Amino acid sequence: MTASTTRGKYNVSPQSKEPGDPDEGFLFLIDQGKVHFPAQYVALWERVCNKLESAGYGSLIPLSYVRHSPKLTKYISPEAAINLAACVSLAAIKVNRAAAELLPKASVIVAHELRSTAAFNSWMETIEELVQAAPESVLPVLERTQKIISTLTPEQFKSWVLAGLRSTGDDTLRQIQYFSFADPESEKWFRHEAGDVVFTDLDRRLKLYLISLWNLRPPMRDLPASTSPLSLRRISITNGVVRVPEVFPGFHGQQAENIFRAGLAHVGAHLVYSTKKFPLGELKPIQMALVSLLEDARVEYLAMQAFPGLRDLWLPFHVAKASGPKLVPHLLARLARSLIDENFRDRDGWVQKGKDMFFDSANDITDPAMCRRIGVLLGNDLGQLRAQFNAKTYVVEPPYRDDNMGLWDFGDQQGEEEDENGIFIEAMRMDQQEEQDESSQDQDKQEEDENSEQQYHARESTDNEERESEVAVRYPEYDYLTGSERPNWTCVIEYFADYGDPYKIDRILETHSELVNQITNLIQTAKVSLPERLHRQSVGESLDIDACINAVISRRMGQTPDPRIYSTTERKHRDLSVLVLLDVSNSTNDIVPHANASVLELEIQATSLLAYAMSELNDPFGIAAFCSDGKEDVHYYRIKNFGEPYDSSARAYLAGLQGKLSTRMGTAMRHAISELAAQHTHRRLLLVITDGEPSDVDVEDRKYLVEDARKVVRSASRLGIDTFCVGLEAGGENYLNGIFGKKNVAMIDKLNRLPERLPMLYLRLTA
Amino acid sequence: MNLDHYLITDEPYYSPTQNEVALFEAAWVSRMPMMLKGPTGCGKTRFVEYMAWKLKKPLITISCHEDMTASDLVGRYLLDADGTVWHDGPLTLAVRYGAICYLDEIVEARQDTSVVIHSLTDDRRILSLEKKNEVVKAHKDFQIVISYNPGYQSVLKDLKESTKQRFGAIDFNYPKPELEAEIIAHESGVDKKIAAKLVQISERSRNLKGHGLDEGASTRMLIYAAQLISQGVSMEEACEVALVLPITDDHDVRNALSSAIAACM
């Protein structure tokens with residue numbers, strides 16, 4: 001991806017030189033800089049400068065240091081200025097000269113912004129970490145110092161850097177993309193750290209909101225912030241799919257939630273009241289924009305009749321003033337406001353005319369045709385006023401309103417209606433339209449648009465290829481270094497399990513027939529819930545004769561009788577559901593000595609015996625398997641669902657399991673737990689069978705996934721779900737105790753005994 | 001024994017939503033066991049009270065619960081000064097002396113408990129008290145009515161097929177908006193406009209059934225909200241107290257519901 005990296009006006013580039021630069025010699029600069037230092041530091045600083053000069057980094061690095069570091073004495077402290085030299089030196093060695101040269105200047109920017117020793121040191125630490133972990137990415141980060149530091153605190157910066165390192169693994173190219181904001185993830189996490197509300201945070205509650213208001217359930221997708229062409233900064237409805245920008249820049253906290261909500265309420269109004277598409281016909285772009293605007297006002301008007309409270313939601317976003325230059329976008333915003341805000345007075349003749357025509361009592365407000373009629377007339381009026389309208393730069397205002405592309409029937413694009421990316425065709429179509437009208441073109445902008453468009457297509461198509469399965473769910477992941485969960489960090493994809501030979505499972509039962517008998521006997525006692533007689537109860541169905549006699553004796557003796565004279569029977573019910581989660585990572589292909597079978601083979605054997613026990617016991621149970629290939633692709637295979645019989649297809653899936661990829665245990669457990677949580681039994685048990693520590697290809701830090709899994713176990717217990725792990729590992733550091741707690745792990749060292757141990761373990765566990 | 005104190009003397013307010021009154025009267029003629037289905041708080045219990053009043057028969061209501069045993073229905077031996085003495089349970093009372101016996105939320109009772117009504121719900125119309133060695137023939141006025149809410153309970157809690165097939169059923173639902181508003185206005189004393197607004201609000205919550213809520217706001221909840229409003233509580237607060245907070249602890253659902261309610265104001 002060679003995406004457009006937006007360079008803000010404050011961005012520092014290594015090439016930039018200050019005026020007069022060539023004339024300033026090193027010694028001259030030292031003389032100038034000295035005056036900024038308190039007397040006791042001068043000698044030290046000079047020594048540090050000379051050291052850099054003689055280190056062989058070339059002349060530019062020492063010059064940059066000598067020029068910029070004195071400024072730190074003012075903003076932070078003389079120590080900070082002197083300590084900077086070590087970091088510059090480190091950058092020069094580990095990264096490259098450009099980064100080392102830029103570092104002093106970037107530090108000054110940061111110091112100027114932060115003016116706190118602790119915060120500055122924290123920023124420096126993060127830079128040092130980055131130098132160690134991803135040297136190639138240091139320069140892109142330093143170049144964007146202004147953008148970063150004006151938005152993020154040093155802690156947030158650290159967290160964003162960590163997110164970058166975590167998400168890119170040790171792939172240098174991806175790291176550079178992330179840290180130069182070419183990767184959409186980067187912007188997303190940047191926004192997240194900055195505390196911006198992103199759509200995925202509110203996704204669920206906003207969907208529920210639409211259901212609640214209109215019982216509408218349109219499919220929704222988020223538009224990654226940095227890949228969207230200009231036109232897509234607004235919500236967009238195409239073929240019933242609602243695309244929502246990931247963030248509305250500039251809106252924070254409650255305000256951000258409100259604009260998403262306002263936007264979706266507006267979408268809801270369209271879906272309910274914009275029943276017919278407008279034929280494009282011969283309309284000019286300005287007329288299109290006007291018809292759309294009027295249609296927006298019309299559906300909102302109708303929606304507010306049903307739900308008057310929506311006015312309070314929408315109105316705050318209408319901020320157009322009834323004054324100022326009469327530019328078309330401004331006039332449109334004024335018209336939009338005057339149509340929703342009855343207290344808004346606009347003396348402009350054109351706005352007034354639009355308002356009068358819209359509220360003309362002869363209109364049938366339920367018929368979209370009125371918008372087309374009025375829009376065309378108003379458009380002509382603007383044409384006569386010779387007001388310029390640039391469709392390319394026009395964005396619908398206020399920002400909660402959608403781009404209205406979905407309102408239009410573009411005629412010849414009928415065949416592509418099903419295409420999800422129809423929006424682009426439509427957007428391009430609009431571009432073509434306006435090219436006929438407008439001759440002015442913004443070359444750069446167009447290139448940028450096309451660029452990001454291609455990116456967007458590229459993303460979609462790879463998505464389609466990889467995700468052959470039906471379900472993809474995102475989960476957070478816990479980072480022990482920040483002590484918090486990153487929302488929507490990982491993605492579980494449910495793949496269809498391979499079909500194996502169902503008779504293989506039957507054969508397993510046959511070979512273990514003795515064990516099966518043993519299990520059957522054990523089950524008999526576990527299953528038959530014999531009624532248990534409870535004596536001496538204060539309430540009960542029948543009298544407990546012994547207790548009665550004692551009570552009568554007590555009474556005759558003049559004592560207070562024990563009132564607990566009843567007996568009752570109670571049946572003990574098994575009320576438990578179990579989800580067995582199998583680790584099928586690549587390591588399970590290892591052959592177990594003495595057993596002549598792979599770990600996976602033994603897992604399958606053990607699970608088939610266990611499944612036999614569970615189905616005989618009538619315990620509701622599910623079986624799933626997992627492995628992972630990086631955070632975006634955690635494979636989840638459903639072998640048997642709750643509520644489905646344990647039939648030959650479940651057995652075939654079980655027999656067909658194959659060991660591959662890695663073990664991102666925490667994420668798979670989150671998915672399993674979400675399923676188990678829906679079970680209405682007294683006890684819910686997640687039984688994880690794994691052969692080793694969590695690991696994944698994109699994770700270097702061994703502790704990271706262990707801590708995440710531990711977090712998952714803890715949150716499961718808060719939900720009342722028990723987790724138990726059967727570890728198939730002999731020797732080595734035992735991570736599983738750390739994750740599940742010592743009591744909840746059974747280590748099986750003689751793996752060839754797993755098939756008999758597992759069902760027994762289960763029976764004991766659930767007795 | 002006299003069941004007069006089980007008679008309902010004052011007419012309960014009940015506004016028919018369809019022809020359930022006629023249906024029930026027709027079933028009463030042959031004392032057909034009846035099952036009232038429908039979501040919670042839609043007026044099932046009120047309907048039985050109304051019918052008992054209309055037919056001038058005593059009504060014995062039993063609220064079923066998980067720990068209820070057959071003895072709780074049928075009766076048991078208790079101790080008194082001289083020894084044991086039999087006490088009829090509420091069901092036996094109704095069978096012996098002739099009353100409408102209403103088992104509320106029967107699925108809550110364990111399945112083995114609900115089986116005791118089987119002999120009463122076919123043409124035998126008898127109740128055998130094994131402990132007492134007695135067979136009680138049902139009084140001519142005895143009728144059994146159960147309520148059954150198929151919606152919220154899990155698969156684990158369902159009536160046995162053999163139990164289900166012994167009943168005629170009337171399906172209840174929330175009344176139509178105008179009627180529901182009328183009922184709310186009558187029960188709480190608020191004016192029609194507020195009542196209509198509450199009904200509109202309830203629609204928001206009923207839309208969420210199956211999407212985070214097990215059941216939408218019932219008529220009963222709306223009446224509670226209206227009663228708060230009639231005491232001077234603001235509409236927003238009353239809705240929060242009576243319609244949002246009781247039914248969900250899910251933050252997102254709560255947020256969505258509150259916002260949707262705000263849109264109605």
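Visitor: How many residues of chain A are in contact with residues of chain B?

Guide: Keep in mind that this is a predicted model. Here, 19 residues of chain A are in contact with 24 residues of chain B.

Visitor: Which elements give two or more residues to the side of chain A that touches chain B?

Guide: Those are α12 (199-214) and α15 (310-314) of chain A. The most comes from α12(A), with 7 residues.

Visitor: And how does that side of chain A divide by class?

Guide: On the side of chain A that touches chain B you'll find 11 nonpolar, 4 polar and 4 charged residues.

Visitor: Okay, on to helices. What describes two packed helices?

Guide: You give the angle between their axes and the distance between the axes. The crossing in which α2(A) passes α3(A) is right-handed.

Visitor: Which residues meet where α2(A) and α3(A) touch?

Guide: From α2(A) come Cys49(A), Leu52(A) and Glu53(A), and they meet Ile61(A), Pro62(A), Tyr65(A) and Val66(A) in α3(A). Sorted by class, this contact has 6 nonpolar, no polar and 1 charged residues.

Visitor: Can we try another pair? At what angle do α16(A) and α17(A) pack?

Guide: Helix α16 (residues 328-340) and helix α17 (residues 349-358) of chain A pack at about 40°, with axes 9 Å apart. These two helices are therefore oblique to each other. Their crossing is right-handed. On the α16(A) side, the contact is made by Leu331(A), Arg334(A), Leu335(A), Ser338(A) and Leu339(A). On the α17(A) side, look for Trp350(A), Val351(A), Gly354(A), Lys355(A) and Phe358(A). Together the residues of this contact divide into 6 nonpolar, 2 polar and 2 charged.

Visitor: Now strands. How do the strands of a sheet pair?

Guide: They pair through backbone hydrogen bonds, either parallel or antiparallel. In chain A there's an open sheet of 3 strands, in the order β1-β3-β2, and its pairing is mixed.

Visitor: Which strands are at the edge?

Guide: β1 (220-223) and β2 (236-238) of chain A, since each pairs on one side only. On average, neighbouring strands of this sheet are turned by 25° against each other, direction ignored.

Visitor: How many bridges join β1(A) to β3(A)?

Guide: There are 4 bridges between β1(A) and strand β3 (residues 241-245) of chain A, and the two run parallel. To trace one of the pairings, find Asp222(A): its bridge partner in β3(A) is Val244(A).

Key: Residues numbered from 1 in each chain as written. Chains lettered and ligands numbered in written order. Predicted model: local features only at pLDDT ≥ 70, side-chain atom pairs only at ≥ 80, totals over all residues. Left-handed = near helix turned anticlockwise from the far one by under 90°. Contact = placed C-beta atoms within 7 Å. Nonpolar A, V, L, I, M, F, W, Y, C, P; charged D, E, K, R; others polar. Axes fitted to C-alpha atoms, helices over the stretch in contact; angles between N-to-C directions. Parallel < 35°, antiparallel > 145°, perpendicular 65-115°, else oblique. Pairing = 2+ DSSP bridges.
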